[in-house]
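Subject: Structure handover

Hello,

Here is the structure we spoke about. Please open it first, then read on for what turned up.

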Amino acid sequence: MDFDGRLIFGPMEAHSSMMGASWVTIRDRAFAAAANSINDALNGRVSPDFARELFETALKSRRHIRLQLKQQR
């Protein structure tokens with residue numbers, strides 16, 4: 001999956017990307033749900049596919065919020 005021009009493969013990379021600086025100001029419910037599901041996938045409690053779905057939702061939310069912030073400036 002594409003994250004700011006970078007491909008993400010698997011829960012470990014998704015986790016690393018979510019803990020990066022680009023998410024600092026945008027940590028909403030979608031972020032929390034994705035972060036929890038990625039941790040659960042890394043620990044074998046949920047499938048990586050489930051975590052991917054929530055990560056994709058968090059990416060969409062992040063893009064939407066970033067667009068709103070740009071429009072306010």
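H1 passes H2 in a crossing that is left-handed. One caution before going further: this is a predicted model.

**H1 with H2**

The H1 and H2 axes come within 9 Å. They cross at roughly 145 degrees. On the H1 side, the residues that meet H2 are Pro11, Met12, Ala14, His15 and Met18. On the H2 side, they are Phe31, Ala34, Ala35, Ile38, Asn39, Ala41 and Leu42. By class, this contact of H1 with H2 has 10 nonpolar and two polar residues.

**H2 with H3**

Helix H2 covers residues 29-42, and helix H3 covers residues 48-72. Their axes come within 8 Å and cross at roughly 155 degrees. Angles over 145 degrees count as roughly antiparallel, and H2 and H3 are therefore roughly antiparallel to each other. The crossing of H2 and H3 is left-handed. H2 brings Ala30, Phe31, Ala33, Ala34, Ser37, Ile38 and Ala41 to the contact. H3 brings Pro48, Phe50, Ala51, Leu54, Phe55, Thr57, Ala58 and Ser61. The contact of H2 with H3 divides into 12 nonpolar and three polar residues, with no charged ones.

**H1 with H3**

H1 and H3 pack with their axes 10 Å apart, at an angle of about 30 degrees. Angles under 35 degrees count as roughly parallel, so H1 is roughly parallel to H3. H1 and H3 also cross in the left-handed sense. From H1, the contact takes Pro11, Ala14, Ser17 and Met18. From H3, it takes Pro48, Phe55 and Ala58. Six of the residues in the contact of H1 with H3 are nonpolar, one is polar and none is charged.

**The buried side of H1**

Which residues of H1 are buried? Helix H1 runs over residues 10-18, and its buried residues are Ala14, Ser17 and Met18. These three cover an arc of only 95 degrees around the axis, so they sit on the same side of H1. An α-helix has 3.6 residues a turn, so residues three or four places apart point the same way. Ala14, Ser17 and Met18 are also among the H1 residues in the contact with H3. Ala14 and Met18 are among those that meet H2.

Ala41 is in helix H2. It is buried, with a relative accessible area of 12%. Not counting residues up to four places away in sequence, Ala41 touches Pro11, Val46, Ser47, Pro48 and Ala51. Ala41 and Met19 are 22 residues apart in sequence, and their C-alpha atoms are 16 Å apart in space.

Ala51 belongs to helix H3. Its relative accessible area is 3%, so Ala51 is buried. Its contacts are Ser37, Ile38 and Ala41, leaving aside neighbours within four places in sequence.

Is Ser61 buried or exposed? Ser61 lies in helix H3. Residues under 20% relative accessible area count as buried, so Ser61, at 18%, is buried. Ser61 is in contact with Asp28 and Ala30, leaving aside its neighbours within four places in sequence.

Asp49 is in helix H3 as well. Asp49 is partly exposed, at a relative accessible area of 48%. Asp49 and Ile38 are 11 residues apart in sequence and 9.8 Å apart in space, C-alpha to C-alpha.

**The loop between S1 and S2**

Where does Asp4 lie? Asp4 is in the loop between strand S1 (2-3) and strand S2 (6-7). Its relative accessibility is 46%, so Asp4 counts as partly exposed. Asp4 touches Ser22, Arg62 and Arg66, not counting residues up to four places away in sequence. The C-alpha atoms of Asp4 and Ser17 are 10.0 Å apart in space, and the two residues are 13 apart in sequence.

Best wishes

Note on methods: Residues numbered from 1 in each chain as written. Predicted model: local features only at pLDDT ≥ 70, side-chain atom pairs only at ≥ 80, totals over all residues. Heavy atoms only, no water. Axes fitted to C-alpha atoms, helices over the stretch in contact; angles between N-to-C directions. Helix = DSSP H or I, 4+ residues; strand = E, 2+ residues; numbered from the N terminus. Parallel < 35°, antiparallel > 145°, perpendicular 65-115°, else oblique. Left-handed = near helix turned anticlockwise from the far one by under 90°. Contact = heavy atoms within 4.5 Å. Nonpolar A, V, L, I, M, F, W, Y, C, P; charged D, E, K, R; others polar. Buried < 20%, exposed > 50% of the residue type's maximum accessible area, 1.4 Å probe, protein only. Arc of directions from axis to C-beta.
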